[in-house]
Amino acid sequence: MSKIRQAFSHGKAFIPFLTAGDPDAESTVKFILAMQRAGADIVEIGIPFSDPTAEGVVIQEANIRALSNGMTVEGVFEIVKKVREQSDIPLVFLTYINPVFHYGYERFFAKCEKLGVDGIIIPDMPFEEKGELAPVAALHGVDIISLIAPTSHERIKTIAKDATGYVYAVSSMGVTGVRQKIETDLESMVGLARQVTDIPVAIGFGISTPEQAAKMAGISDGAIVGSAIVKIIEKYGKDAEQAVYDYTYSMKKAVSKA
């Protein structure tokens with residue numbers, strides 16, 4: 001069983017996200033380790049990119065800060081290397097196809113395997129175009145995490161059936177960001193995915209409060225949170241470790257009770 005699957009085997013999973021290099025590499029390592037201590041089951045690490053089309057303002061600005069500080073794909077791998085010296089928590093990259101393409105598919109996924117990156121999410125890679133990437137990722141033991149959105153039933157089932165690691169159910173159309181209400185019929189989406197696959201389904205986009213996280217975990221296998229954590233890091237900068245820990249702890253506690 002992969003580390004990602006194991007992460008879901010102990011109950012509902014809480015999956016926090018942060019942008020690598022915001023505010024700097026050393027802080028990113030500290031924040032990831034704090035998340036693990038607070039109960040995070042998997043951590044998603046954003047590789048900064050100049051045109052993150054799926055992201056809202058909060059994560060876009062985190063990308064800008066990280067890039068302005070000189071963060072690169074190689075720098076993100078260095079962050080993973082330092083995390084791996086102290087932790088075996090499952091790590092999933094969130095990035096866009098451009099950085100992976102320019103690094104070289106084989107070189108990129110070989111490095112993921114060497115350093116222990118367990119999965120990757122590529123929001124701007126359509127399902128129909130994952131063909132050339134999937135075999136290379138699989139060869140190196142990296143799960144390509146598929147996203148399902150509130151679209152047609154058949155498309156949801158087609159994407160979920162081919163998914164590996166976990167299915168990322170997008171709670172709302174549009175970009176990432178904190179939302180006051182999540183009104184998508186997520187139970188139906190999760191149900192459609194479960195008709196065709198037994199891999200876990202976690203819900204992300206817009207979740208920020210323990211109440212929202214518990215509700216989303218109640219109808220799926222876990223909750224994914226990004227923008228709310230990135231806002232904490234934006235507020236406290238290098239001093240965000242305790243705040244990140246406290247927030248992660250409260251969210252994991254809520255998810256566990258779902």
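Predicted model: local features only at pLDDT ≥ 70, side-chain atom pairs only at ≥ 80, totals over all residues.
1. Strands 1 and 2. Strand 1 covers residues 13-19, and strand 2 covers residues 43-46. They are joined by 3 bridges in the parallel sense. F17 is opposite E44 of strand 2. L18 is opposite I45 of strand 2.

2. Burial of strand 2. Which residues of strand 2 lie on each side? V43 and I45 are on one side, and E44 and G46 are on the other. All four names belong to buried residues, and both faces of the strand are covered. Note that E44 is among the buried residues and is also the residue that F17 stands opposite.

3. Strands 2 and 3. Here the pairing is again parallel, over 4 bridges. G46 has L94 of strand 3 as its bridge partner. Strand 3 takes in residues 91-94. L91 and F93 point one way from it, V92 and L94 the other way. All of these are buried.

4. Strands 3 and 4. These two run parallel and are joined by 3 bridges.

5. I122. This residue sits in the loop between strand 4 (119-121) and helix 7 (134-139). Is I122 buried or exposed? I122 is buried, and its relative accessible area is 3%. T95 is 27 residues away from I122 along the chain, yet their C-alpha atoms are separated by 5.3 Å. Setting aside neighbours within four places in sequence, the contacts of I122 are T95, Y96, I97 and L133.

6. Helices 2 and 4. Helix 4 spans residues 73-84. Helix 2 packs against it at an angle of about 45 degrees, and the axes are 9 Å apart. The two helices are therefore oblique to each other. Their crossing is right-handed. Helix 2 makes the contact with A25, T28, V29, I32 and L33. Helix 4 contributes I79, K82 and V83. By class, the contact residues divide into 6 nonpolar, 1 polar and 1 charged.

7. Helix 11. This helix runs over residues 227-236. Its buried residues are S227, A228, I229, V230, I232 and I233. What do they pack against? Two of the partners are strands: strand 1 and strand 9 (222-225). The helical partners are helix 2 (25-37), helix 3 (57-68) and helix 12 (241-256).

8. After helix 11. G237 follows this helix. The phi of G237 is positive, near 60 degrees.

Conventions: Residues numbered from 1 in each chain as written. Heavy atoms only, no water. Pairing = 2+ DSSP bridges. Buried < 20%, exposed > 50% of the residue type's maximum accessible area, 1.4 Å probe, protein only. Contact = heavy atoms within 4.5 Å. Axes fitted to C-alpha atoms, helices over the stretch in contact; angles between N-to-C directions. Parallel < 35°, antiparallel > 145°, perpendicular 65-115°, else oblique. Left-handed = near helix turned anticlockwise from the far one by under 90°. Nonpolar A, V, L, I, M, F, W, Y, C, P; charged D, E, K, R; others polar.
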